[in-house]
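I have set them out as numbered points, to be read alongside the coordinates.

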Amino acid sequence: MEVLWDYHDMRHTIRPCDIGIGLGSHDLGVATFTAELYRRGTFPRVVFTGANAPTTVDRFPRGEAVHYREHAIAAGVPAEAVMVETRATNTGENIRLTRELLADNGIEVASAVLVSRPYQQRRVYATVRKLWPELEVVCASRPLPLDEYVAGIGDANRVIDMLVGDTQRIMLYPDRGFAIPQEMPGEVRAAYRRLVEAGFTSRLL
């Protein structure tokens with residue numbers, strides 16, 4: 001589990017960018033950290049993107065992006081600094097529809113901080129490089145160790161299932177045209193196989 005966790009961390013250095021993009025999910029920590037980065041002056045504007053998935057509809061009945069926006073405003077981000085994209089149901093749509101939203105509003109950006117769940121960083125990076133290759137990207141997540149993240153989510157099996165699912169997508173999505181290829185060390189592949197064999201398969205395609 002630690003092997004996969006470490007693999008998905010892109011270890012990018014957070015730096016000022018034109019915009020912050022928070023990718024919707026079940027993890028409200030994405031909105032929390034996006035708001036923190038805004039307050040630090042990392043970017044002047046935020047887009048939250050996300051409709052719902054089966055894993056989020058009960059928690060965020062009005063859509064992930066809408067709830068994220070409300071959370072960020074409560075955390076001190078001015079309402080006028082937050083935009084929402086409410087249709088995306090996967091990472092590719094998060095990127096494509098956010099790009100369209102910005103273009104429709106006449107907002108040009110050359111760089112972005114993409115805030116996601118920790119184990120989604122590598123997939124976000126690979127997706128952006130495929131769909132928006134000219135964008136300078138910094139991938140970021142709340143800087144938590146694995147045990148603290150699991151404690152915050154409250155469901156270790158769910159986190160492991162998600163880790164396994166995202167690892168599989170790194171392997172499969174390039175051939176499907178969704179992402180660029182990513183190098184995957186043998187120890188990561190071995191850890192992935194062990195977890196699949198152990199039954200952590202609910203997020204596999």
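The points below take the basis of the model, then the sheet, the helices and the core.

1. The model is predicted, so that local features need pLDDT of at least 70 and side-chain atom pairs count only at pLDDT 80 or more, while totals for chains, interfaces and linings use all residues. Residues are numbered from 1 along each chain as its sequence is written, and side-chain values use heavy atoms, with hydrogens and water left out.

2. Five strands form an open sheet in the order E3-E2-E1-E4-E5, with parallel pairing (strands are DSSP runs of E with at least two residues, helices runs of H or I with at least four, numbered from the N terminus; a pair needs at least two DSSP bridges). Because E3 (82–85) and E5 (136–140) stand at the edges with a single partner strand each, one side of each is left without a neighbour in the sheet. The twist from one strand to the next averages 25 degrees (axes are lines fitted to C-alpha atoms, for helices over the stretch in contact, with angles from 0 to 180 degrees between N-to-C directions).

3. Strand E1 (residues 19–23) is joined to the parallel strand E4 (residues 111–115) by four bridges, and Gly 20 has Val 113 as its bridge partner in E4.

4. Helix H2 (residues 29–39) lies across E1, E2 (46–49), E4 and E5, at about 145 degrees to E4, and helix H3 (residues 64–74) lies across E1, E2 and E3, at about 145 degrees to E2.

5. The largest nonpolar core has 21 residues, of which Leu 37, Phe 48, Val 77 and Val 113 touch the most other members (buried Ala, Val, Leu, Ile, Met, Phe, Trp, Tyr and Cys joined through side-chain atoms within 4.5 Å, buried being under 20% relative accessible area with a 1.4 Å probe, protein chains only). H2 provides the largest share of this core, six residues.

6. Beyond its neighbours within four places in sequence, Leu 37 is in contact (heavy atoms within 4.5 Å) with Ile 14, Thr 42, Phe 43, Val 113, Val 115 and Ala 140.

Note on methods
Buried means under 20% relative accessible area, exposed over 50%, partly exposed in between (1.4 Å probe, protein chains only).
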